[in-house]
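My notes are below the picture.

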Amino acid sequence: MTAPTALFKPLTLGDILLSNRIAMAPLTRNRAAAGNVPGPLAALYYTQRASVGLIISEATQISPMGQGYIATPGIHSAEQVAGWRKVSQAVHEADGHIFMQLWHVGRISHSSLLPDGQAPVAPSAIRAASKTFTAEGFVDVSMPRALSIEEIAQTVADYRQAARNAIDAGFDGVEVHSANGYLIDQFLRDSSNQRSDAYGGSIENRTRFLREVVTAVSDAIGAHRVGVRFSPVSGFNDISDSAPQALFEAAVTQMQAIGIAYVHVIEGETGGDRNTPFDYRALRSHFKGVWMVNNGYDAVMAEKAISSGHADMVAIGRPLIANPDYLARIAQGAALNPLDQATLYGGDARGYTDYPVLGQ
Ligand code: PHB
């Protein structure tokens, strides 16, 4: 291919200037240390990848009840804030920018991961046909219980505090994880939300929790530092909706009203088929801020997405795990390192901080 140029144009996001249009997608690596504090290699891992315009951290739980997998980091304790501060400082010293992805898994969890062995929480007591990773390996998720109205308000408050903690930890902003069948997505979609109160039923009601979370987070840290991630047609984690086009157009319209900095869309099945029918152009028409796309993009597709005006940024996942110098490689048309699937989740430096860069 001819060298990409659109990808290397700077972009203003909120009040920061990004040096290019590639984002590092949020990627779960299950290498947190005791107390779900970012592990000792996390600062090096992210700094190795700091040449991207924006790093989005791995999904990070807002509260102990928000955890769904073993050894994922949190942002609800002082130790976690201190651990993340080392990461943000190292990324900034390398002239990078980093947002934290705020995560509550809802029903995609297992009692063994939750305080006092509790059941996971969800909009409705409907178990997902999905698995999670625990100390015992891959297991079926537990049967959840439905959140009360008071608990929903507390969860919104937990998001607000987590956003404050992320800023306290030196992050440039946060991405609210509203994709992939986790808690906010469980409220949005009618397969997992069968509530009969103000949080269920109509699209207006099913988007209420999203709206409350994003409003609270924006009030706390400024909407210019907030992004939201959606996966409108992904069935990941056993989720679906009877009318995704109307649902997600309403959600994006509300994000525009709040005035957030960016919307990040997984096109198609998470990590899979991109061709599920959906009108992404209509989705984008409701939003004036930065539009970020993701899912299986290579450099040619990414360049075309930017130059054609399909998107403002492209988030790259697996290739960035295997190629810390992804930007340099696509600028030069160099070959990419292959990904080692065996070292994705958990473990040590192998497959984490030891992928070779050009010239090594
Ligand atoms: C995962 O841990 O497998 C995971 C986390 C967040 C996602 C998707 C997958 O959005």
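The entries go from the ligand to the pockets and then to the cavity.

**Before starting.** I am working with a predicted model, in which local features need pLDDT of at least 70, side-chain atom pairs count only at pLDDT 80 or more, and totals for chains, interfaces and linings use all residues. Residues are numbered from 1 along each chain as its sequence is written, and side-chain values use heavy atoms, with hydrogens and water left out.

**Entry 1: the ligand.** I found Thr 28, Tyr 69, Trp 103, His 177, Asn 180, Tyr 182 and Phe 236. By class, this shell has 4 nonpolar, 3 polar and no charged residues. In this scheme Ala, Val, Leu, Ile, Met, Phe, Trp, Tyr, Cys and Pro are nonpolar, Asp, Glu, Lys and Arg are charged, and the others, Gly among them, are polar.

The side chain of Asn 180 has an N or O atom 2.6 Å from a ligand oxygen. For His 177, the distance from a side-chain N or O atom to a ligand oxygen is 2.7 Å. A polar side-chain atom of Thr 28 is 3.2 Å from an oxygen of the ligand. Taken alone, the ligand exposes 280 Å², and the protein buries 83% of that; these areas come from the Shrake-Rupley method with a 1.4 Å probe.

**Entry 2: the largest pocket.** A pocket is an open set of points on a 1 Å grid over the protein atoms alone, with protein on both sides within 12 Å along at least five of seven lines; its lining residues have an atom within 4 Å of a point. The lining divides into 18 nonpolar, 14 polar and 4 charged residues. Helix 10 gives the most to this lining, with 3 residues.

**Entry 3: the second largest pocket.** Its volume is about 250 Å³. Among the lining residues I noted Arg 274, Trp 291, Lys 304 and His 310. Helix 8 (280-284) and helix 9 (299-307) each supply at least two lining residues. The classes here are 5 nonpolar, 3 polar and 4 charged.

**Entry 4: the cavity.** A cavity is a set of grid points where a 1.4 Å probe fits but cannot get out. I found 1 cavity of 30 Å³ or more. The largest cavity holds about 40 Å³. Its lining includes Arg 31, Glu 58, Trp 84 and Tyr 352, and it divides into 6 nonpolar, 1 polar and 2 charged residues.

Terms used:
A residue is near a molecule or strand if one of its heavy atoms lies within 4 Å of it. A polar contact is a pair of N or O atoms within 3.5 Å; within protein, one must be able to donate a hydrogen and the other to accept it, and residues adjacent in sequence count only if both atoms are side-chain atoms. Helices (H or I, at least four residues) and strands (E, at least two) are DSSP runs, numbered from the N terminus. Grid points are joined across faces, edges and corners, and a volume is the space filled by probe spheres set on the points.
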